[in-house]
Amino acid sequence: MVALCLFLAAYTVANVVLYAVNMDYSRPDTGGTDFTVLSSFGLVCSFVAASAGLVAADRLGYPAVALGCVVLVGLAVVAGVVHQRRFPAGPAPTVRTDPGVATPDLLTPTT
């Protein structure tokens with residue numbers, strides 16, 4: 001029961017981060033649509049991964065699949081850190097959409 005509570009707490013934190021990133025990548029004019037598409041894509045990926053994990057667990061056993069998932073999470077963390085180091089935080093470039101009004105361009109990576 002404690003493990004389940006810890007998992008759900010970590011899952012909640014991960015969702016907060018994921019939705020914050022989705023909101024950052026949403027364009028001001030079409031934010032609702034962008035956020036929905038990005039969120040839906042993440043949910044479809046999680047459903048496909050869960051289905052594949054259940055099939056693999058049936059064929060390979062749960063311990064092997066759990067170990068494989070831990071390895072995949074470790075690789076994802078490393079890839080995320082490498083990606084973050086390639087694009088350090090800085091001021092977002094701006095794009096003029098209306099005379100005199102500058103909005104941040106969140107879809108173009110800073111160099």
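# A tour of the chain, stop by stop

Select Arg27 and Asp34: the two form a salt bridge, with their closest N and O atoms 2.9 Å apart. A salt bridge here is a side-chain nitrogen of Lys or Arg within 4 Å of a carboxyl oxygen of Asp or Glu. By this rule the count comes to one salt bridge.

Before going on, note that this is a predicted model, in which local features need pLDDT of at least 70, side-chain atom pairs count only at pLDDT 80 or more, and totals for chains, interfaces and linings use all residues. Residues are numbered from 1 along each chain as its sequence is written, and side-chain values use heavy atoms, with hydrogens and water left out.

**Stop 1: the two partners**

Stay on Asp34, which is found in helix H2. Helices (H or I, at least four residues) and strands (E, at least two) are DSSP runs, numbered from the N terminus. Is Asp34 buried or exposed? Asp34 counts as buried, because its relative accessibility is 11%. The cut-offs are these: buried means under 20% relative accessible area, exposed means over 50%, and partly exposed is in between (1.4 Å probe, protein chains only). Arg27 is partly exposed, with a relative accessible area of 42%. Now show what surrounds Asp34: not counting residues up to four places away in sequence, Asp34 touches Ser26 and Arg27. Contact means heavy atoms within 4.5 Å.

**Stop 2: helix H2**

Select residues 31-60, which are helix H2. How far apart should the ends of its 30 residues be? At 1.5 Å a residue the helix should span 44 Å, and its end C-alpha atoms are 42 Å apart, which agrees. The expected span is 1.5 Å times one less than the number of residues.

Colour Asp34, Ser39 and Ala57, which are buried in H2. The buried residues of H2 pack against H1 and helix H3 (62-86). Just after H2, select Gly61, which takes a positive phi of about 100°.

**Stop 3: Tyr19 and its contacts**

Move to Tyr19, which lies in helix H1. At 32% relative accessibility, Tyr19 counts as partly exposed. Which residues does Tyr19 contact, leaving aside its neighbours within four places in sequence? They are Phe35 and Ser39. Draw a distance between the C-alpha atoms of Tyr19 and Ser39: these residues are 20 apart along the chain, and the atoms are separated by 7.4 Å.

**Stop 4: the aromatic pairs**

The structure holds two aromatic pairs. For one of them, select Phe7 and Tyr11: the ring centres are 6.0 Å apart and the planes lie at 25°, so the pair is stacked. Rings of Phe, Tyr and Trp (its six-membered ring) pair if their centres lie within 6.5 Å; planes under 30 degrees apart count as stacked, over 60 as edge-to-face and the rest as tilted.

Phe7 and Tyr11 both lie in helix H1, four residues apart, about one turn of the helix. An α-helix has 3.6 residues a turn, so residues three or four places apart point the same way. Phe7 is exposed, with a relative accessible area of 52%. Tyr11 counts as partly exposed at 44% relative accessibility.

Now select Tyr19 and Phe35, whose ring centres are 5.6 Å apart and whose planes lie at 50°, so this pair is tilted. The pair links distant parts of the chain, with Tyr19 in helix H1 and Phe35 in helix H2, 16 residues apart. Phe35 is partly exposed, with a relative accessible area of 26%.

**Stop 5**

Keep Phe7, which lies in helix H1 (residues 2-25), and switch to a surface view. Accessible areas come from the Shrake-Rupley method with a 1.4 Å probe; for residues, only the protein chains shown count as cover.

**Last stop: the whole chain**

Zoom out and select everything. The chain has three helices and two strands, and from the N terminus on its elements run α-α-α-β-β. How much of the chain is buried? Buried residues make up 7% of the 111 residues. The accessible surface of the chain comes to about 8,900 Å², of which 73% belongs to carbon and sulfur atoms. Among contacts between residues at least 6 apart in sequence, 12% join residues at least 24 apart.
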